[in-house]
Amino acid sequence: MCDYDEFRFECNHSVCRLKSYCHFARNDPNHICLGVKKLRDSWLQAGQLCDKCIEDGFRLVNGKIWGPPHRVR
């Protein structure tokens with residue numbers, strides 16, 4: 001069972017990242033885990049937006065999420 005951490009952001013998105021490989025994945029040349037993926041910890045990232053929302057132009061101002069201005073064509 002490989003261990004994962006979950007990071008939860010203010011935009012209600014979450015990202016899971018590998019914390020540690022299980023015994024079998026460590027010994028496999030391609031680090032393939034055929035077992036269960038186990039969530040070890042869940043971390044609230046207070047005051048942070050995920051990378052995707054920041055790339056899309058969203059900003060967190062005074063605890064509120066602001067979107068990019070709409071372009072009129």
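Val61 is partly exposed, with a relative accessible area of 40%. The model examined here is predicted. Val61 lies in strand β4, which covers residues 59-61. Its C-alpha atom is 12 Å from that of Cys11. Along the sequence, Val61 and Cys11 are 50 residues apart.

Cys11 also belongs to the largest nonpolar core. This core has 6 residues. Phe7, Phe9 and Cys11 are members, as are Leu49, Cys50 and Cys53. Leu49 makes several contacts beyond its neighbours within four places in sequence. Phe9 and Cys11 are among its partners, and so is Glu10. Leu49 also touches Ile54, Phe58, Arg59, Leu60 and Ile65.

Asp51 presents an exposed position. Its relative accessible area is 54%, so Asp51 counts as exposed, the cut-off being over 50%. Asp51 is placed in helix α2, residues 51-55. Leu34 is 17 residues away along the chain. The C-alpha atoms of Asp51 and Leu34 are separated by 29 Å.

Asp3 was examined next. Its relative accessibility is 12%, and Asp3 is therefore buried, since the limit is under 20%. Strand β1, residues 2-9, contains Asp3. Residues up to four places away in sequence were set aside in listing its contacts.

Conventions
Residues are numbered from 1 along each chain as its sequence is written. This is a predicted model: local features need pLDDT of at least 70, side-chain atom pairs count only at pLDDT 80 or more; totals for chains, interfaces and linings use all residues. Side-chain values use heavy atoms; hydrogens and water are left out. Helices (H or I, at least four residues) and strands (E, at least two) are DSSP runs, numbered from the N terminus. Buried means under 20% relative accessible area, exposed over 50%, partly exposed in between (1.4 Å probe, protein chains only). Contact means heavy atoms within 4.5 Å. A nonpolar core is a set of buried Ala, Val, Leu, Ile, Met, Phe, Trp, Tyr and Cys residues joined through side-chain atoms within 4.5 Å.
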